[in-house]
Amino acid sequence: MGTSDDFDAFYAATSARVLHQVYAVCGDLGEAQDVVQEAYARAWARWSSLSGYDSPEAWVRTVAWRLAANRWRSVRRWLAARARLGPSTEAPEPSPDRVAVLAALRRLPESQRRVVVLHYLGDLPINEIAETTGMPAGTVKVYLSRARTALAPLLDADDERKDSDVSTHP
C-alpha cells in the first residue's frame with residue numbers, strides 16, 4: 001500500500017516530465033499546469049491502489065490528456081479572453097526554435113502529435129506508448145513515421161528561412 005512518502009517521491013520523479021509532455025500536446029503552459037495538477041490530485045486520492053500499478057505515471061498522463069481534451073472544447077472562449085488581456089509579462093518569450101517546433105506540432109493530427117511527444121520528448125519506447133494510448137504498437141509506429149514525414153518539411157522550411165536571413169544580412 002502506497003504511503004505519502006511514496007507519492008511524494010513519485011511526484012518529484014515524474015511531474016516535470018508529465019508537464020512537458022502535456023504542454024507539448026496542448027501548447028499552453030498554464031493549461032498544461034492546471035490539468036497536470038488535477039491529474040496528480042486524482043492520483044493522490046487513489047494512491048493506495050494506484051501505487052501498485054506497473055506505471056502510475058502512464059495513468060496520470062492519460063488522466064491529464066483527458067482533462068486537456070475536455071478543456072479543449074472551450075478553447076475559443078479562452079483565446080478571446082486572453083487576447084483582451086494582452087500578453088503575459090510573467091513568462092519569458094520562447095525561443096524561435098521552440099516556437100517553430102510547437103507551430104509544426106500543432107499542424108499534426110492530435111494522435112500523431114501525442115505519439116511524437118511521448119516518443120521524442122518523453123523518451124518512451126513504442127510499447128509503452130502503445131500501452132499508454134491504447135493503440136497497437138504498429139499504429140504507434142505508423143503515426144511516428146507519418147509525423148516525421150509531415151514535420152520534416154515544416155522544420156526544414158524554418159531552417160531555410162533562418163539561413164537566408166543570415167546570408168542576406170552581413
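Start by selecting helices H7 and H8, which are oblique to each other. The model on the screen is a predicted one.

**Stop 1: H7 and H8**

H7 covers residues 110–121 and H8 covers 126–133. Their axes approach to within 10 Å and cross at roughly 135°. An angle over 145 degrees would count as roughly antiparallel and one of 65 to 115 as roughly perpendicular, so this pair falls under oblique. The crossing of H7 and H8 is right-handed. To see where the two helices meet, show the side chains of Arg114, Val115, Leu118 and His119 in H7, then those of Ile126, Ile129 and Thr133 in H8. Sorted by class, the residues of this contact are four nonpolar, two polar and one charged.

**Stop 2: the loop between H7 and H8**

Now select Asp123, in the loop that links helix H7 to helix H8. Most residues other than glycine have a negative phi. Is Asp123 buried or exposed? Asp123 counts as exposed because its relative accessibility is 63%, and the cut-off for exposed is over 50%.

**Stop 3: Arg61**

Move to helix H4, residues 56–72, and select Arg61 within it. Arg61 has 0% relative accessibility and therefore counts as buried; the cut-off for buried is under 20%. Next, display the side chain of Gln21: a polar contact of 3.1 Å joins it to the side chain of Arg61. Which residues does Arg61 touch, leaving aside those up to four places away in sequence? They are Val18, Gln21, Leu118, Leu124, Glu128 and Thr132. One of them, Leu118, was already shown at the first stop as part of H7.

**Stop 4: H2 against H4**

The crossing of H2 and H4 is right-handed. On the H2 side, select Glu31, Asp34, Val35, Val36, Glu38, Ala39, Tyr40, Arg42 and Ala43. On the H4 side, select Trp59, Val60, Val63, Ala64, Leu67, Ala68 and Arg71. How many residues of each class are in this contact? There are 11 nonpolar and five charged residues, and no polar ones.

**Stop 5: two pairs separated along the chain**

Select Ser4, which is in helix H1, residues 4–26. Ser4 is partly exposed, because its relative accessible area is 38%. Then select Trp44, 40 residues from Ser4 along the chain, and find their C-alpha atoms separated by 8.6 Å.

For the second pair, go to helix H6, residues 96–106, and pick Ala103. Ala103 has a relative accessible area of 35% and so is partly exposed.

**Last stop: the whole chain**

Zoom out and colour by secondary structure. The protein has nine helices and zero strands. Of its 170 residues, 35% are buried. Among contacts with a separation of 6 or more, 66% are between residues 24 or more positions apart.

Terms used: Residues numbered from 1 in each chain as written. Predicted model: local features only at pLDDT ≥ 70, side-chain atom pairs only at ≥ 80, totals over all residues. Heavy atoms only, no water. Helix = DSSP H or I, 4+ residues; strand = E, 2+ residues; numbered from the N terminus. Buried < 20%, exposed > 50% of the residue type's maximum accessible area, 1.4 Å probe, protein only. Polar contact = N/O pair within 3.5 Å; in protein donor to acceptor, adjacent residues only side chain to side chain. Contact = heavy atoms within 4.5 Å. Left-handed = near helix turned anticlockwise from the far one by under 90°. Nonpolar A, V, L, I, M, F, W, Y, C, P; charged D, E, K, R; others polar. Axes fitted to C-alpha atoms, helices over the stretch in contact; angles between N-to-C directions. Parallel < 35°, antiparallel > 145°, perpendicular 65-115°, else oblique.
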